Amino acid sequence: MLKILDIQNVALIDNLSIDFSPKLTVMTGETGAGKSIIIDSLCFVLGEKANKGLIKQGREYMKVVASFSAPFASEVENFLHENDIDFEDEIVLSRKLTVEGKGELRINGEVVSATSFKKLSVLLVDINGQHEHQKLLSDKFHLGIVDLFIKDKSLYENFKISYEKLQNIDKQIASLNGSTQNQERMLDLLSYQIKEIEDAKIEPNEDEDLTQKKILMQNSGKIYDNLALACSKFDGNASIIDGLKGAIASLTSIAKYDDSLNAIIERLENLKYEAMDVSSTLLDKKESCNFDEDEFEEIDTRLDKIKMIKRKYGATLQDVFDFLNQARSDYDRILNSRDTLEKLLAERSKIVKELYDKALKLGKTRRNEAREFESKTNAELKDLGMKNARFKVDFNDIPTLECFEKSLNINGFDQVKFMFSANLGQDLKPLSEIISGGEASRFMLALKNILADVDNVSLMVFDEIDSGISGDVAYKVACKIANIARRHQVVSVSHLPIICAMADKNLFVEKFSTKDNSTSVAVKTLNEEETLEEISRLSGGTAHSANSLLHAKEMKNRCNEYKIGLDKA
């Protein structure tokens with residue numbers, strides 16, 4: 001139950017503290033008085049998308065605190081235990097947002113993530129606005145609504161356990177390439193790749209060596225001519241070697257006169273032998289420079305082969321060798337995993353059959369519960385003034401085992417669509433296609449009234465859900481809200497006098513001017529006399545008119561008698 005909502009620096013609100021009835025609290029006030037600001041504040045502290053534009057002008061931050069009192073639903077207590085959050089008889093949600101966009105979320109004083117904060121808030125509060133009925137129009141929510149009526153929750157839990165087993169097996173199968181057919185295909189592919197690389201008999205750096213040799217062969221003529229020219233400098237008349245020999249002879253003839261010349265002669269002797277060795281090496285290179293055209297073709301063909309291998313298996317030869325090693329490893333792993341895969345596939349078939357049987361039981365239960373849901377909804381709609389309305393839950397056909405296996409999901413095989421007809425003589429059509437806004441509001445209220453016994457949320461908020469209705473239908477709507485308020489705490493924002501009269505606590509929202517000529521919002525708890533005046537105002541009566549106040553009192557007495565009957569029931 002929401003005890004207190006503290007709002008600070010939100011839009012036109014400076015500091016505001018609102019306490020609520022454990023049953024039905026109704027907020028009224030002139031259009032634009034600030035009721036939506038209070039609902040926005042509640043949405044903010046429940047983890048909805050933050051809007052910095054709501055921060056009061058001139059302030060650095062906004063902050064909202066919501067205090068909830070025990071008892072709490074088991075799902076709420078389980079969440080708090082699982083997240084190690086201490087609590088006794090109170091849960092305090094606190095949220096702060098600065099103008100820089102920095103936020104802070106706390107549960108009972110402990111900072112938590114946005115995800116955790118939101119998970120708890122949806123267990124505590126259900127907000128139904130004027131446009132919230134759009135969710136009813138989406139088929140994806142319909143199955144979940146039907147499931148709320150299933151009393152034996154083990155049906156779904158057992159299905160979920162088996163489904164999670166199947167997902168785990170599918171992961172293992174995927175790691176082993178999915179199926180025996182896939183394995184055969186993978187083995188064939190790996191075998192081909194391994195053989196193609198091995199048959200190429202590529203040596204490390206072979207591509208670089210062959211490329212260099214090809215460059216030499218392409219320039220063989222130029223290389224030969226220059227080698228020949230270089231060789232001629234070492235041989236023949238006036239050659240380098242002959243010059244060295246002549247210099248040695250000349251110096252030797254005078255060395256007896258100058259001992260220091262012997263060292264020079266020795267150096268020239270070394271140069272002569274080095275020159276002779278260079279001459280021999282150049283001559284060998286010149287002799288070997290005549291390349292065979294067939295060899296050139298062989299090198300070219302070999303390089304094309306290596307390029308093809310690299311194009312398929314790696315940018316470099318080292319990449320190719322790495323690919324080969326991995327392919328060999330994968331081949332051995334798949335070959336050795338055949339037995340494991342066959343066992344997993346057999347286990348998978350068994351679980352799929354088990355899931356199908358569980359889905360059949362779940363589907364049968366859903367269809368049975370849906371009939372009761374249809375009956376209750378049609379009765380509620382008639383009670384809300386839609387006497388000719390018809391509602392039906394439409395299920396898909398039950399699939400075969402083979403079709404079921406192809407479209408497995410966590411919900412089984414059931415697909416649900418809400419069908420609706422508002423008038424006599426009209427065929428049932430999808431709810432989303434034909435229901436009007438006013439009809440959708442009443443449909444939602446009927447649904448919430450039916451779900452009140454099975455929904456564990458502690459607080460329901462109706463934000464002008466009663467718009468567009470009047471007369472006896474308005475009274476019926478007020479009665480429905482009162483019914484819900486006997487099983488859940490309800491806060492309703494309304495402009496209807498009958499809703500105001502049905503309240504267990506009335507809050508009046510109004511704007512006022514402050515001393516600094518700014519505007520602020522206040523919330524006043526109305527006493528009995530003030531409540532009658534507000535009912536009169538909403539009814540369009542003259543202020544403080546005896547007749548309008550008498551009418552308001554009659555309306556209030558009628559609502560009180562209805563609530564007394566509820567409390568006695």
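The radius of gyration is taken here over C-alpha atoms, and the globule rule sets it at 2.2 Å times the number of residues to the power 0.38. The model under study is predicted.

**Exercise 1.** Compare the radius of gyration of the protein with that of a compact globule of 569 residues.

*Solution.* Step 1: the rule gives a radius near 25 Å for a compact globule of 569 residues. Step 2: the protein itself has 45 Å. Step 3: the box filled by the C-alpha atoms, taken along the principal axes, is roughly 155 × 70 × 45 Å.

**Exercise 2.** State what share of the residues is buried, and describe the accessible surface.

*Solution.* Step 1: a residue counts as buried under 20% relative accessible area. Step 2: by that cut-off, 43% of the 569 residues are buried. Step 3: the accessible surface comes to about 30800 Å², and carbon and sulfur atoms account for 49% of it.

**Exercise 3.** Describe how helix α17 packs against helix α20.

*Solution.* Step 1: two packed helices are described by the angle between their axes and the distance between the axes. Step 2: α17 (residues 471-485) and α20 (residues 546-568) pack at about 40°, with their axes 11 Å apart. Step 3: the crossing is right-handed. Step 4: α17 contributes Asp-472, Tyr-475, Cys-479, Ala-482 and Asn-483 to the contact, while α20 contributes Arg-558, Tyr-562, Lys-563 and Leu-566. Step 5: sorted by class, the contact comprises five nonpolar, one polar and three charged residues.

Key. Residues numbered from 1 in each chain as written. Predicted model: local features only at pLDDT ≥ 70, side-chain atom pairs only at ≥ 80, totals over all residues. Heavy atoms only, no water. Axes fitted to C-alpha atoms, helices over the stretch in contact; angles between N-to-C directions. Helix = DSSP H or I, 4+ residues; strand = E, 2+ residues; numbered from the N terminus. Left-handed = near helix turned anticlockwise from the far one by under 90°. Contact = heavy atoms within 4.5 Å. Nonpolar A, V, L, I, M, F, W, Y, C, P; charged D, E, K, R; others polar. Buried < 20%, exposed > 50% of the residue type's maximum accessible area, 1.4 Å probe, protein only. Areas by Shrake-Rupley, 256 points an atom, 1.4 Å probe, with all protein chains shown as cover.
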